[in-house]
Amino acid sequence: MSKTYYSPSHEYVTVDGNIGYIGISDYAQQALGNVVYVDMPEDGDDLVAGEDFGAVESVKAASDLFAPVSGAVVEINEQLIDNPRLINEDAMSNWIVKVELTDPSELDKLMDEEAYRAHCEAEKH
Amino acid sequence: MNKKYYGKVIFELSRPGRQGYSLPANGCEDALAGLPSDLLRTKSPELPEVDELTVVRHYNNMSTNNFGVDTGFYPLGSCTMKYNPKINEEMASLPAFTALHPFQPSATVQGALEAYYTLQQMLSEIGGMAEFTLNPYAGAHGELTGLMVIRAYHESRGDMKRTKVIVPDSAHGTNPASAAVAGLKVVEVKSLPDGTVDVEALRPLLDETVAAVMMTNPNTVGIFEHNIPEIAEMVHACGALLYYDGANLNPLLGVARPGDMGFDVMHINLHKTFSTPHGGGGPGSGPVGVRAGLEQFLPNPRVVKHTGDNGDPLFHLDFGTEKGPHALGRISAWLGNFAVELRALAYILSLGRDGLKLAGTLATLNANYIKESLRDLYELPIDRVCKHEFVFDGLTDKSTGVTTLNVAKRLLDHGFHAPTIYFPLLFHESLMIEPTETESKETLDEFIAVMRDIAREAAETPDVVKNAPLETPIRKPDDTAAALNPVVTFADL
Amino acid sequence: MLERCGMKSLEELYSDVPESLKLKRDYELQPQMSEKEVRDFFEELAVRNQPLTCFAGAGFYDHYTPAVVQSIAARSEFLTAYTPYQPEISQGTLQYIFEYQSMMTQLTGMEVSNASMYDGTTALAEAMLMAVSHARKKNRVIVSATLNPIYREVIDTYAHYHGVTVDTIPEVDGITDLNAMREMLAAGDVAGVILPTPNFYGILEDYTGVADAVHAAKALLIMTAPASTLGVIRTPGEWGADIAAGEAQSLGMPLNFGGPYLGYICCTKALIRKLPGRIVGATTDADGQRVFVLTLQAREQHIRRDKATSNICSNQGLMALYVAMYLSLMGAKGLREVNELSAAGAHYLANRLVESGAFELKYPERPFLNEFVVKFKGEVKLADFVEVCNSCGCLPGVMISDDELLVCVTETRTKEEIDRYAWRAETFSKATVPAMNNTDMSN
């Protein structure tokens, strides 16, 4: 049974066992506009919660990606190399990196769907 | 500007066998044939084959789709697009300067070295600094050089912990980028609602890990940082140095000097304040000045003045040997964009001490005049006397859906360049206007009238503004397609 | 105007500047000059410069600039334009940069080019930073000892502050010691390898197998060449380089006492996101026309700030127009002829200098194009010979040690000038203080 958590900087992590799928939220992709490039880490890189690990670029903006949780990258979403706009089409199913979580307790500091929705509402105003 | 789009690429005009050059034979025996063939290229480069007239017409036609200062007004914030006097071009083109090889012995280039030295002295006087290097090629290169000077200073004292640079959130993008290239970590400090640096937010950031604080004054919203003496004191108390980004120096000419404000290191953009042409993006020039005590850290080579046997001044190039062990080394091949420096020298001579002061004051007057003439229709987030530039946060009436981008593009239809838009990042709809001193009241009034007209259009026929530009050689380009599938050479087309 | 601002005097415009910060005196500068006086001032400076008949190269070359180039580059639509951030009114600038990029990729044999860097030295330093950024976890770069020392100095400055370690691949008999390079690569910590072609001594080095060795060590191969020579020599692309970066002054730019020049940087498509500076790309506009825009801007400082690929903003835009026009006029054939004439003149002069008895070739077995090193054999000092040449209006080369001269010939040198140089060497080897009144230039 998987569950999705969100960070204040609009990354999500969908957790299934000790594997997390990290991407940007639908709210973030809408704010960014047409995604033209995703700067991704490499297999084996270690992500540290709160630190940046890449970026999502639109034509005239770039948004750094901050790791919601720590973990080792076990896979990157290679589809995004040729077709970065998949993020615009469906941000939630087009995750950017798959990681093996090193400290599941970090999830407690993230928001659930409901809290995140409130967070986005607050940001709009 | 020609509204008809030309649009051809020179490769498309190529016809086999055409040629646009003539070269003198020197009668020496061919040597290429004697070279090992595996050290030579196997395939000729695919370059155009065109005659001279085709080349001339091609580039002339192309130029008519371009807008320059000589075409019309550039209200481009933070870019200081003033008129570039023609005499400067002519002086920089004198063969006795253009034909000089940089390796020529000093005795044969005394005039060139004196020109460099004279400009360096003038900039030191204008900046209130002890010495300048003219070697950096552009503003960002000057920032990088200045930060290297600062690092060299800390290193010379064995103070190796200083790895951070503090920049305001309103800073030009080059500030944090230059810091990163110089190996420093960037920490942002917040601005107050009036656009000035928040002294209380800065205070806790200052510690023994800070190498420098970078500021521009007036800042990017055109406001004079009146707390600068206090900031300088705080920065120096923590052992860091204060860096002045000279992009906005123009309004302070003759009025105040960065050196007197407590800045330790600064750069000047000759292509802004000192009227050298922007050339479609370069070449610029970014001289760096330092206060007394930091001269030894400036980069090589430098021009040194001595007195000759007959009492006349003699100039020569020094590679750090005369300035002690801490000279930075090289940051450029030679003495920077020398021909650009000659233009700036001609400009300063033309204006002289009084003309420079008047230039700064009139630039400030022009900016305030536009601000006061449009504030009823455009939102003025910071209502104070501005310096060379100011920022509107879009149209006051936001209900029309007309954005800053739309206003900027509509200006193109009226024969004006767009202002700087969506910078600084402090406001959502930033529209930053800097008129410079070289525009007449008539031009400013015409611009004001057009801006008012656009505001009226935004209310009455918003779609016209949203679809702008309509009168330019091309319409809105598809930037997304360009970035998704980069086509960057003719071979890719 | 003051009235609209609600002010009575110009001083009020500065009411927000604390009195203590105001300059209470005039600048210590001269009063303003009339245009005639400015002209006189510069002409007085100009007479104290003495352009010399140039046999110096060392990275900066006296090639001919066709009249068209400067005539059109002076057009104010190009000269006084800002950076082409507004594509609707900047197609002229954008188009010539696109042409420049296309031509530079042809010359270097690479796939993509940016819109220009400041000069060759900074372009190569940025190429080094690209390699380090690409390698992510390695920060050591190795550089051949045969690289132009000016380039090396700039690289060292950038490297020192950026935290990059630069080590030297030693040279043997004027060329890179490739065995030493392989050993250095074996450590596994090298991010990039920098090699020159032709090298500082003018020698065309054989880099067969180098790219494979560099790539096997997961490093990038960076090569640098004076752009004009790329019309005939084996290109960085053909050698298997990942990045080509260097000086394009040799493509139609006057010597100008060191600048403005233009640094080129080209690379493989795979590295395009790591390129510094501006890049122009083709796209279509709302009417479906093919147009040009600045693209991939999210790499740049105005968007990415401290995470940008470089801090470069202003580049050498107008000089890219010089290159585009120069290469349009010359074409591949003209550029080949420039190299043929230069190489022919250089080999002729090299022979004459050896025959004069005053010099011998430092690297007689090595192939060179239009630049070579001679060793002075005379009893007196090489510096004295150089001085005699200077006083006759000739720059005989660049002294790279007390008795070694790096000599260059381009297509602008006539047979007479070359013969006169050789004659001077001959005379000098026979007499310690020769009387030479055969002046090259009168001013």
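# Interfaces, salt bridges and cysteines

Across the interface of domain 2 and domain 3 of chain B, the rule finds one salt bridge. The residues behind it are B:Arg384 and B:Asp194, whose side chains meet at 3.0 Å, N to O. On the side of domain 2 of chain B that touches domain 3 of chain B, the residues divide into 13 nonpolar, 12 polar and two charged. Keep in mind as we go along that this is a predicted model.

Let's stay with that pair of domains for a moment. In terms of contacts, 27 residues of domain 2 of chain B meet 22 residues of domain 3 of chain B. The area buried between these two domains is about 1800 Å², and carbon and sulfur atoms give 64% of it.

Now turn to where chain B meets chain A. Here four residues of chain B are in contact with seven residues of chain A. The two chains bury about 440 Å² between them, with 72% of that on carbon and sulfur atoms. On the chain B side, B:Asp479, B:Thr480 and B:Leu484 supply 84% of the area buried against chain A, more than any other three residues. B:Asp479 also forms a salt bridge with A:Lys60, with the closest N and O atoms 3.4 Å apart. The rule finds one salt bridge across this interface of chain B and chain A, along with two residue pairs in polar contact, both at pLDDT 80 or more. By class, the side of chain B that touches chain A has two nonpolar, one polar and one charged residues.

Zooming out, a search of the whole structure finds 59 salt bridges over all chains. One of the pairs to look at joins two chains: the side chains of C:Glu88 and B:Lys409 meet at 2.8 Å, N to O, in a salt bridge. Another lies within chain B, where B:Arg203 forms a salt bridge with B:Glu200, the closest N and O atoms being 3.1 Å apart. B:Arg203 is partly exposed, with a relative accessible area of 37%.

Finally, the cysteines. A disulfide is a covalent bond between the sulfur atoms of two cysteines. How many disulfides does the rule count over all chains? The count comes to zero. B:Cys28, for instance, is in no disulfide, and the nearest cysteine sulfur, that of C:Cys408, is 14 Å away. B:Cys28 is buried, at a relative accessible area of 12%.

Definitions and conventions:
Residues numbered from 1 in each chain as written. Chains lettered and ligands numbered in written order. Predicted model: local features only at pLDDT ≥ 70, side-chain atom pairs only at ≥ 80, totals over all residues. Heavy atoms only, no water. Contact = heavy atoms within 4.5 Å. Buried area = accessible area lost by both parts, 1.4 Å probe. Salt bridge = Lys/Arg side-chain N within 4 Å of Asp/Glu carboxyl O. Polar contact = N/O pair within 3.5 Å; in protein donor to acceptor, adjacent residues only side chain to side chain. Nonpolar A, V, L, I, M, F, W, Y, C, P; charged D, E, K, R; others polar. Disulfide = S-S within 2.5 Å. Buried < 20%, exposed > 50% of the residue type's maximum accessible area, 1.4 Å probe, protein only.
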